Amino acid sequence: MEINLISDTVTRPSSEMLRAMFNAKVGDDVYKQDPTVNELEHTVAELFGMEAALFFPSGTMANQTAIKLHTNPGEQVICDKYAHIYHYEGGGASFNSGVSCCLVDGDHGMITANLVKKAINDPEFYHAPLTSLVSLENTTNKGGGACYDLQVMKEIKQVCVDHNLKYHLDGARLWNAMVAKKQHPKLFGALFDTISVCLSKGLGAPVGSLLLGSQDDIKRALRIRKIFGGNMRQSGYLAAAGIYALQNNIMRLEEDHRRAKELGTLLASLPWVENVAPVETNILIFHVRPSLDEQWVIEKFKQKNIFISSMGRGILRIVTHLDYKEVMHDYVMDAISRITF
């Protein structure tokens, strides 16, 4: 039995999800004639109380489209130093939009209104890039699945209003945050100019993200998606997986969170673990003792058919997901407790 805990992107569609995909009604989405894509976009926009949504093949493309929407070349985006848009989107902000990122030293990938305020460049000082966008990530990936408090996001929103800045949320794992903190999607829709949400992580769909925003922004996003090569034809087969995921896989995220927390508690008790970052959702980050090579630790896990990932400098990551069942969890808990060095 191979247990892959490298990411929540490794899941495969269930038989029920495949059946929904097989039975989907489709058309040509480039002409906006795919009824299942249209249904998905309408459903998610309504869920968040936003005017419109657009289906994308990836979260990276959705985020990059948002950056393109809200900035001009030479301008600057404020984000945390761990932000996905900076670390894991191939330098797309500079390549696609010609903008730079002002990296803020937040806490587990989360920034505050005061940090944002300090990072804003004086718009009259033309030697510095013009600050035009603030981007948050919730939950934080590199920050270990941490969730923003709603009040903090509201305070940052006020800074954006005061300084005429756009406000984007990279919500790749926003479903996890909403379940963990029992928050309603409309709370987020009321705050942000644009939100990206992913269907292929915790919700288990094989492909797909959406960008949410105003009618005008999504109309412009449609052109940007075309330029980025993101148009698809009978993409209703993929959208059907997303609709199934929304209807069936949101509340079960609590199971992923519970298992991640139990793994964190176990790891914190082991002598070869230096420390474990606080676990709020389904991402678990831990440091091994300085005397250990993390690749050696990964190999020990592999010997027990458990696959995890390295983040460098003795930092390892485990991500729970819907294909990680309770019987697997029992095995992993026992196997990890027996690892010695």
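Start at isoleucine 156. Setting aside neighbours within four places in sequence, isoleucine 156 is in contact with Ile111, Thr112, Ala113, Val116, Val134, Leu136, Tyr148 and Tyr167. The model is predicted, so read these contacts as features of a prediction. Isoleucine 156 also belongs to the largest nonpolar core, which holds 56 residues. Within that core, the residues that touch the most other members are Phe48, Leu136, Ile156, Trp175 and Ile195. Helix H11 (residues 236-248) gives the most to this core, with 6 residues. There is also a second, separate core of 27 residues. Its members include Leu5, Leu263, Trp272 and Ile298.

S2 and S8 pair in the antiparallel sense over 5 bridges. Leucine 54 stands opposite leucine 211 in S8. The pairing of S7 with S8 is antiparallel too, over 4 bridges. Here isoleucine 195 has leucine 212 of S8 as its bridge partner. Isoleucine 195 is also one of the residues named above for touching the most other members of the largest core. Strand S6 (residues 166-171) and strand S7 (residues 194-198) run parallel, joined by 4 bridges. Among these two strands' residues, aspartate 170 has serine 196 in S7 as its bridge partner.

How many residues of S8 are buried? The count is 5 of 5, so the strand is mostly covered, with "buried" meaning under 20% relative accessible area. In a regular strand the side chains alternate between the two faces of the sheet. In S8, Ser209, Leu211 and Gly213 lie on one side, while Leu210 and Leu212 lie on the other. Both faces are covered.

Next, the cysteines. A search of the whole structure finds 0 disulfides. A disulfide needs the sulfur atoms within 2.5 Å. Cysteine 160 is in no disulfide either; its nearest cysteine sulfur, that of cysteine 79, is 13 Å away. Cysteine 160 counts as buried because its relative accessibility is 1%.

Finish at aspartate 256. This residue sits in helix H12 (residues 253-268). Is aspartate 256 buried or exposed? Its relative accessible area is 0%, so aspartate 256 is buried. Its side chain makes a polar contact with the side chain of arginine 252, at 2.6 Å. Beyond neighbours within four places in sequence, aspartate 256 is in contact with Thr281, Asn282, Thr320, His321 and Leu322.

Definitions and conventions. Residues numbered from 1 in each chain as written. Predicted model: local features only at pLDDT ≥ 70, side-chain atom pairs only at ≥ 80, totals over all residues. Heavy atoms only, no water. Pairing = 2+ DSSP bridges. Buried < 20%, exposed > 50% of the residue type's maximum accessible area, 1.4 Å probe, protein only. Polar contact = N/O pair within 3.5 Å; in protein donor to acceptor, adjacent residues only side chain to side chain. Contact = heavy atoms within 4.5 Å. Core = buried A, V, L, I, M, F, W, Y, C linked by side-chain atoms within 4.5 Å.
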